[in-house]
Structures are given as C-alpha cells and as structure tokens.
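User: I'm new to this one. Can you walk me through it?

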Amino acid sequence: MWRVLSHHQQLETIAARLIMSTQHRTRLTLMAALASSAASKVKKPTAAATTTTRKTATKAKPSSAKTKAASSTTKKATTTRASSSKASAAAASGEADGMKPGMKLIIVESATKANTIKRFLSSGKGNGKWEVDYCMGHVRELPRTAADMPPTAKKEKNKVLGIKVDQGYEPIWIVLPGRESVVSRLKQKAKACSELFLATDEDREGEAISWHLLDILKPTVPAHRVIFHEITAKAVMGGLNSPRPLDTDLVEAQHARRVLDRVAGYTMSPLLWKKIATGLSAGRVQSAGLKLLVDRERERMLFHSAAYAGLRAMMLVGREGGGNGGGDGGMEARLQAVNGQKVATGTDFDPRTGTLLESKKEGVLWLGEEGMEEVAARLAEPRTTWVVREVETKVVTRKRPTPFTTSTLQQDANSRLGFTSSQTMKLAQELYEEGHISYMRTDSPNMGPEALAVALAQAAEQYGPIDTETLPSKKGGGGEGQVGSRKNAASATAQEAHEAIRPSIVTEGGRFRTPKEMTAGWIADKKKLDLYTLIYERTLASVMKDAKLERKTVGVEARNEGGKEGGVPLQAELVLTGQTILTHGFLRALREDQQQQQVPSSSASSMPPSGDADNSPSSSLPASSLGLLTPGQTLQCEGMKVLSHSTSPPYRFTQGSFVRMVEELGIGRPSTYATIIEVLKTRRYLAMKGNSMVPTLLGFVVVQLLERHFPDFVDAGFTSRMEGQLDAIAKGSVDRLTYLDEYYKGLTSAIELVVDTIDR
C-alpha cells in the first residue's frame, strides 16, 4: 500500500511548507522580468492601452551569484542551439527570411493561427508593421529516451530520465526533433525585429510555450506576452494593446505537471516492464481512468439478467362508450399494480443475482410472461370495468443548457455527431485558429458581457423575444451580465480563467455568423461545420427561456369481481400519461420540439441503465388528448399486449460519458480528457467496440497489479486531490519542490516495499 503518500494529513501539510526551489523559481522569474521590463521601455501601440500587472511579476527574490551561475550552466546544458553562417549574415544585416528591419514580430503556435492574424493586420489594422510567424506548438520537451539527452547531461546520473531529482527536480529540456529549423528561423527574426509579441494560447501550455521561447530566443528588444480569447480583428488589436508579464505561477504549474507525470510514469512503468511485459506504461491520470473502464466491465461480468413482463392496455378516449374525453383515439395505459401489489420493473432486481432485491420481496409482484398472460386474460373478460381513478396535472420546467465547456462540448459532439474526443478537439482548435469560435479549452460555463449581449440580441432576432431572456438591470443581483441575474454554476474544480466556448463576434456588425453564412466560403469541411453549428445552437439556447411543459397523469382502475362461480376478484391499476409544451424557450434553438415534443438529454449518460424498459412513458401524445377525463369516468379497453423484458447490464462508457465521469471525479483537467483516451488506446489498454470503450485483457492485468499493490495510484479520489495540489501550485499557494519531493519519495518507498513480493 502506498501509505507514505496517501495519508490525507501529510498532503494537507504541503500548503504550509513553502520551501522554494530557488534555482528553478529564479529562472522563471527572470524570464518574466525580461518581458515586463522590456515592455515598460517602449510606447504602447495605442494611448489607451494598459498593461495588466500579474501578482507573479513581483514575487521574485534576488538570487545569489551561485544560483545565477547554476542557472546559466543548466540552460547551456539543456538547450540545443542551431544556427548557420547564412543565418548569422542575415541577422547581421538586419534581415531574416524577408522580414524588414524594425518590424514587430508576433509568434503564435500554428500556421493557421498566424495566417488568420495576418489577414487582420494586413487589412489596415496593423499599418504594415507586423510580421507573424509560428513555432509549431511546443519547441522543447523532456527527452523521451537516453539517446535524446544533451551530451553534457548524459554524463550525469539521474534517477528519473530528464529530471535532476537531486537538484530540485530541475527538468532537462531539449529542442524537439524537427523543430531545429523553426528555432533557427525565429532566432533570426527575433534579432531583426523591433518588438517581440508572444501570442501563444491563454492556458497553462501556452504560457509554458512562451516561457520556452523567451528562454531560447533571449530577445534584446522589448518582449511582451499577449493573449487572444478569439481570433478576430478587435480581439487581436485588443490583445496587442494590452500586453502583460509572463505568468510564472502558471509556467511553474505546467512544469510541475510535466515533472510529476515523468516521475510517476518513469518510476512505475519499469515495474510493469519487469512484472508484466515491456512497452507498458502507467501514469497518474491514465491509470485512474483505466480503472474506471475496468471497474465498469467487472460490473458487467458480474451482472445477472432478470426476466420479467409488463402489460399495456389500449384505452379508447373520446369514442362512443369511452366517455366524453377530449381526444378521439386510443392511448396505451401501463400496468402498475395488481391487487395492491406493485408489478416488478427493472429497478427492483439485484444486478448481481438477477433476483428481487431483499427490500422489494415483500411488496413487489414478480410476474413472468406466463403469469402476465393470465392477468391479461382476466382483464380481457367482459365483466371487467375500467374507470378513471384520479387525474393529476402539473407544469414542469426544463432548464436551458449552459454554454459549452471543453468537457460538455466533447460529450455532445460524441453523442450527437459521433465524434471522438480527440476529433472534437482537433476540429475545435482549427475553428479557433481560423477565427470562428472563442478559445476551446475552458471549464467556465459563462460568457463575457459582450458575447452575452450579442447572443441575446441574435436569439431574439432569430427565434423571437417571447422565447428569449432579457438582460438584467445593472443593479440586479447574481453574476455580472448573466441571464436572469444569475451565474451558471461551474464544476467544483473549475478555474474559470476563460469564458465559455461560443462563436466569434464578427467585427462588422457585432454578431455571430450563422451556420448558413458559414457555408458561403468560411467553412468547407462538413464535420467542422457540424461542430460549429452545435456550438452556435448551444450558445443561443443558453440565453433563451426555460421550457415549460404540462404533464398529465391519469390513473385507471380495472376491476373483475370474479363472477358468480366464486372466481377470485382481480383489481389492477394502470396509468395514462401525456405532455404538451407550453413555452418552447430554448427548445427552438436546439430544434428539439420537432421530435415528438420530447426533450432528450444534452449528453450521453455515464450511469448504468435501470434495465426498466417498461418504465417509459405510456403515451407520446399531447396532454390535451387526456384533457376532459375526470375521476369516476368509465373507459373502454380495446385490447392488451404482454411485453417481455429483461434487465440490462450497466452501459459501457462512450467517449462522451467517460469525459463526463472523469470531470465529475476530478481526474485530469479539460485539456487532458482527449489525451487520456488516446494514451489508453495507444497502449492497447482500450479497444473501441462501435462507440463503446472496452478495456482489453492487458488493461485488466495492469489495473489488477496496480490496485493490489499501489491502490492510491489508481484511486480516483487520490488523483483528484493531486489535481487540486497542482492547481494550488498554479496559484502560487503550494511550492512545487515540496510537493514533488513528497510524491517521489512516497512512490519510490512504496515500490521498494513490495517489488520483490510481486509475482511475474
């Protein structure tokens, strides 16, 4: 057992022990100071621009000469430098790859994002002073193998590949293979430009990419960190006019996650190689996710199906002999009880035994097909009377959905469009970089005030003011600018650093482009258009009114007194149901009112089914069909049918329901959900069967070893608490070094205790 690390009280003391890793912390702060001080030396692009000061820019303490020397040595040892005589000559002359001297250089991650920004800056916004280039994402990473290590670092003995455990868990960074030419090109342009703007994504990974670029390029000109929540002309110029210092807490949090993942994976994986097979891997997030799949499959393997029967009776409403009901056709009534005993349905059975739950055995009548046929025969006798027992009408509210977060977008794209999580994120990334949607990695279900106003106006224009909410007054309570003076509730672990996913606001006219407009040359790819449409409809639906539905339930009593021959009386209780939409509200935006007036779930369920096929509504007709039925009214039964059912095992996870589950449990963060699934597939721990995720035998073996000897490693609660500590590092309230040391020593101690007792 991994008791050294799993004890909650030990983890809780970390926040109080802020022993700083001076070498690593100083190096990060120097990079932030470089950007901050350089920015202060140059005139802002507009007079109205203001620089946001982050708390992290003032945290640094002066470092000793020894620390500076160590930092310098580390940087020399861990950075691969690539240059040529031609590049040096170009830099000396002040030109780089056609870039004119004195231009301002913007660096982003991708060519698509760069081209979109160029389009705005070349249309009069940038006055021809800007050069936009891209770095292809991360330019540096931890070495994957010993062969990737820098020559000087190969001489050192490190307990974990790429991590100097005994030197404050200092990571050893290398330029990624294939990125050498990119680094060389950017170095040339950084020397030729008059100002440098690092415009990588506004999340933890983007902040780390900017830090690495600063560390590699070492600009001598003013350097700025800028962010674009969406790639539009207004957002781009707004970001360029509002630079900020590098957020070193965010960078340190990303480094801590990378180091922690490396420590966890490269410490535990060799044990799997030794005890199971080479090439396997374990990780702090992937292993907890794998256990969810294995546990669900175990539930399915232990499941015992139970067979039971139900009965539906066709009641004539509004015809001769059927009273004065408001309709003119037949409706199905569902049998609920016989002689005062509730008829068994799927929820009454124990999934492990296939028999009635102990708590149900006294008051529930379990009828098979033969027994239900006998009931149907008795009810079909002419002497049976059918009378309305009670009528209940109530109005129910269906809440409008919130705008998409990363998690809910993946869930809906999977259930509605059949997209995998990785496919969804790839398409969303492209939509963002092309300027069509806001930033796609977010855990906030709330839009900003500007986007909210646009959504409200567009929803009212497209669907009418009757079904659309109105903005609250400025003095109203609740979240700022949120519909109905209330803020949408985020998940318990949400950071809410960015607003929800929504269409970009078009500068011309201040509105969202409709899906129809997008087909006119903006989006050619059908899947990309489908995803945009999903986001567009969800955004407008989120600012429309809740749907109001009238649900009517009619209780019917069937009684057969048994006749003069001394037959046994039979009394049965049945129910008729119907519903009518009173206020469509958000249903108009989601087009859900066109499908039998039903409101399907907004995401794939991750919970096991009840197995109760006979608990579905007894009628899909409007509630008005039951309108004038009154207690005591006599009805006529036209016929009956017996339905055979069997309980079903828990559903396997789909990618959508899996994402929903890991979010609920706090395993990983939105940016990692798709990665978890892809890693499990790559390692052959998971196979897809249609849209279902099925753990392989190899996945079972790995989980069994880990849960038997290292239960914390696959425990969802433990993994969630780790995520909380990493979030605290991002806020600067927990020290990276202290936490990493606790984790590494606890893990290695646990392995040493049991390694010799594990049989291969």
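User: Where is Met-136 found?
Analyst: Met-136 sits in the loop between β2 and β3 (140-141). Helices (H or I, at least four residues) and strands (E, at least two) are DSSP runs, numbered from the N terminus. Before going on: this is a predicted model, where local features need pLDDT of at least 70 and side-chain atom pairs count only at pLDDT 80 or more, while totals for chains, interfaces and linings use all residues. Residues are numbered from 1 along each chain as its sequence is written, and side-chain values use heavy atoms, with hydrogens and water left out.

User: What is phi of Met-136 near?
Analyst: Near 65°, which is a positive value in a residue other than glycine. Lys-218 also has a positive phi, near 45°. Lys-218 is placed in the loop between α9 and β8 (223-225).

User: New topic. How many salt bridges does the structure hold?
Analyst: The structure holds 53 salt bridges. A salt bridge here is a side-chain nitrogen of Lys or Arg within 4 Å of a carboxyl oxygen of Asp or Glu. One of them joins the side chains of Lys-189 and Asp-133, at 2.8 Å from N to O.

User: Where do Lys-189 and Asp-133 lie?
Analyst: Lys-189 is in helix α8 (residues 180-192) and Asp-133 is in strand β2 (residues 130-134). The pair links distant parts of the chain, 56 residues apart. Both Lys-189 and Asp-133 are buried.

User: Which residue forms a salt bridge with Arg-441?
Analyst: Asp-203, with the closest N and O atoms 3.0 Å apart. Arg-441 is in the loop between α15 (421-433) and α16 (449-463), and Asp-203 is in the loop between β7 (195-198) and α9 (204-217). They are 238 residues apart, so this pair also links distant parts of the chain.

User: Are those two buried or exposed?
Analyst: Arg-441 is partly exposed, with a relative accessible area of 22%. Asp-203 counts as buried, because its relative accessibility is 11%.

User: And what does Glu-517 form with Arg-511?
Analyst: Glu-517 and Arg-511 form a salt bridge, their closest N and O atoms being 3.1 Å apart. Glu-517 is partly exposed at 32%, and Arg-511 is partly exposed at 26%.

User: Which residues do salt bridges join into one network?
Analyst: Arg-257, Asp-261, Arg-284, Arg-669, Glu-723 and Asp-727 are joined by salt bridges that share partners.

User: Where is Arg-284 found?
Analyst: Arg-284 is in the loop between α11 and α12 (286-302). Arg-284 counts as buried, because its relative accessibility is 6%. Arg-284 and Ser-720 are 436 residues apart along the chain, and their C-alpha atoms are separated by 10.0 Å.

User: Now strands. How many residues of strand β9 are buried?
Analyst: Eight of the ten residues of β9 (residues 307-316) are buried, so the strand is largely enclosed by the rest of the structure.

User: Which strand do ten bridges join to β9?
Analyst: Strand β16 (residues 634-646), and the two run antiparallel. Two strands pair if DSSP finds at least two bridges between them. β9 also pairs with strand β10 (residues 330-338) in the antiparallel sense, over five bridges.

User: What stands opposite Ala-313?
Analyst: Met-640 in β16, and Ala-333 in β10.

User: How many bridges join β13 to β14?
Analyst: 13 bridges join β13 (residues 385-398) to β14 (residues 547-560), running antiparallel. Val-387 has Glu-557 as its bridge partner in β14. Another 13 bridges join β14 to strand β15 (residues 570-583), also antiparallel. There, the bridge partner of Leu-549 in β15 is Ile-581.

User: Last one. Where does Pro-270 sit?
Analyst: Pro-270 is in helix α11 (residues 248-275). Pro-270 counts as partly exposed, because its relative accessibility is 31%. Pro-270 and Ala-282 are twelve residues apart in sequence and 9.1 Å apart in space, C-alpha to C-alpha.

Definitions and conventions:
Buried < 20%, exposed > 50% of the residue type's maximum accessible area, 1.4 Å probe, protein only.
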